[in-house]
Amino acid sequence: MLNQLTISELTARLVRREISAREATQSCLDQIDRVDGKIHAFLSHNNADALAQAEAVDQRIAAGMAAGQPLLGVPVAIKDVLAVKNQPLNCGSKILGNFISPYDATVIEKLKAAGAIIFGRLNMDEFAMGSSTENSAFVTTRNPWDTARIPGGSSGGSAAAVAADECIASLGSDTGGSIRQPAALCGCVGFKPTYGRISRYGLVAFASSLDQIGPFTKDVRDAATLLGVMSGIDPRDSTSVPEPVPDYTAALTGNIKGLKIGLPKEYLVGGLDPEVKAAVDAAVKKLESLGGASGNFPAAHGLRGGHILYHCHGGGVGEPGAV
Amino acid sequence: MAAAEFDIKYVAHLARISLSPDEEKKLGAQLGNILGYIEKLKELDVTNVEPTAHAVPMVNVTRLDVAAPSLSHEDALRNAPRQGGGLFIVPKIVE
């Protein structure tokens, strides 16, 4: 089914005119109808607008005008913390009422220029203050793998939507783990780009010296594609850095000989769930068998790092738990 | 961890949020506990740690003082719960 494709697979088929952008978008919308009643990843989504964007893509393809767009026709859903022009912007909260964003975030402008179909407002902990998406003012998103479990947070909706194939990819934001942790809990790819790599213009701030926007995808290649589209200095964000943007997908050679893998020893201690430890150990062994070399290194200031992190956040909401 | 001294009534007033006595009790305890965590941070030895002023090595990021297109007045006011005379109207908070 088309909603199960990756960015690479979808764009290849679209360019070869094997499928239409409208069919691909409709496939995602159908999946939302089928499963979101149980998963609650989406706070809202506008089907008519998504399909109109898809049809515009199909017209450009038919007119031969769609060359070289890396996200051509790809339905990307958006965490409710990012400004998308004429779409609601609520940050998972009731405080902002019926706020409709009058402008696009820089990353949204870049995704649109790359041909993506921007749709949906994905559930999150209110103003990104949480790690489970249980602090949304509206609904709790469920983990698609087991709906009795949390998807993680604060980008829980973003992770769940990708894991449940309700979209091809999604955007989230990460201040102290809010992409990485839900991606891990929902079994999809997610990472936090280095601070300054991606413009924060249009991202509702949580901790401005820590926030970054990042992708949720079904594979690493897609994440590299999205990183390439979103990266770059932006005069509207004075904390974005003037580093050149390489072709991140070119690094995906499959060869990791000589790659050094650091394991922060303070995190691999008592209290770590045995199943989690086993999974980490298995991953390390696999990487070593492929040519990587692992070693322990001390995380700065050890476990106290968890407390420091919590206070950099500004305390968050509710009881601080173990980080 | 010990809950720090915390005047929940004062903070709620500053935030212009009205709380029931139950909410005052619960939130006061939770916020006090969070502040109590500061004590844990004091256990760190940071004698040899350089203070981090900024996450990236950039200073004085400015642009030319030149007017450029931006949000129209109309777009900027579109979400205002109350507006008048081309301005946002907000509740009075200072006597």
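**View 1. Confidence across the predicted model.** This is a predicted model, and chain A comes out with a mean pLDDT of 91, with 92% of its residues at 70 or more. Chain B has a mean pLDDT of 88, and 95% of its residues reach 70 or more. Within chain B, confidence is lowest in helix H2 (residues 21-41), where the mean is 89, and highest in strand E2 (residues 87-88), at 95. The scores for the model are ipTM 0.83 and pTM 0.89. One stretch to read with care is residues 302-323 of chain A, where pLDDT stays under 50. For that stretch the model has 41 contacts beyond four places in sequence.

**View 2. The two domains of chain A.** Domain 1 of chain A covers 2-251, and domain 2 covers 260-312. Taken over C-alpha atoms, the centres of these two domains of chain A are 28 Å apart.

**View 3. The six-stranded sheet of chain A.** Here we look at an open sheet in chain A, with its six strands in the order E1-E3-E2-E4-E6-E5 and mixed pairing. Strand E1 (42-44) and strand E5 (189-190) of chain A are at the edges; each has a single partner strand, so one side of each has no neighbour in the sheet. Zooming in on one pair, strand E4 (residues 169-174) and strand E6 (residues 212-217) of chain A run antiparallel and are joined by five bridges. A:Ser170 is a handy landmark: its bridge partner in E6(A) is A:Phe216.

**View 4. Helix H5 of chain A and the loops on either side of it.** Helix H5 (residues 156-163) of chain A lies across E1, strand E2 (75-79), strand E3 (117-122), E4, E5 and E6 of chain A. Relative to E4(A), helix H5 runs at about 155°. In the loop between E3 and H5 of chain A sits A:Ser154, and the peptide bond from A:Gly153 to A:Ser154 is cis, with omega near 10°.

View 5. Which residues of helix H4 (residues 106-113) of chain A are buried? They are A:Thr106, A:Val107, A:Ile108, A:Lys110 and A:Leu111. These buried residues of H4(A) pack against E2, E3, E4, E6 and helix H7 (220-230) of chain A. After H4(A) comes A:Gly115, with a positive phi near 95°. Back in the loop between E2 and H4 of chain A, look for A:Cys91. Phi of A:Cys91 is positive, near 55°, and the residue is not a glycine. A:Cys91 is buried, since 23 other C-beta atoms lie within 10 Å.

View 6. A:Ala224 belongs to helix H7 of chain A. Is A:Ala224 buried or exposed? A:Ala224 counts as buried because it has 20 C-beta neighbours inside 10 Å. Leaving out residues up to four places away in sequence, A:Ala224 touches A:Tyr248, A:Thr249 and A:Leu252. A:Ala251 is 27 residues from A:Ala224 in sequence, while the two are 8.9 Å apart in space, C-alpha to C-alpha.

**View 7. The parallel pair E7 and E8 of chain A.** Strand E7 (residues 260-264) of chain A runs parallel to E8(A), and five bridges join the two. One of the paired positions is A:Gly262, whose bridge partner in E8(A) is A:Gly295. To get from E7(A) to E8(A), the chain crosses through helix H8 (residues 274-289) of chain A, making a right-handed β-α-β crossover. How many of the five residues of strand E8 (residues 293-297) of chain A are buried? The number is zero, so strand E8 of chain A lies largely in the open.

How values were computed
Residues are numbered from 1 along each chain as its sequence is written. Chains are lettered from A and ligands numbered from 1 in the order in which they are written. This is a predicted model: local features need pLDDT of at least 70, side-chain atom pairs count only at pLDDT 80 or more; totals for chains, interfaces and linings use all residues. Two strands pair if DSSP finds at least two bridges between them. Helices (H or I, at least four residues) and strands (E, at least two) are DSSP runs, numbered from the N terminus. Two residues are in contact if their C-beta atoms, placed from the backbone, lie within 7 Å. Axes are lines fitted to C-alpha atoms, for helices over the stretch in contact, and angles run from 0 to 180 degrees between N-to-C directions. A residue is buried if 20 or more other C-beta atoms lie within 10 Å of its own, exposed if 12 or fewer, and partly exposed in between; C-beta atoms are placed from the backbone. A crossover is right-handed if, with the strands pointing away from the viewer, the path from the first strand over the helix to the second runs clockwise. Domain bounds come from an automatic or database domain assignment. pLDDT is the predictor's confidence in each residue, from 0 to 100.
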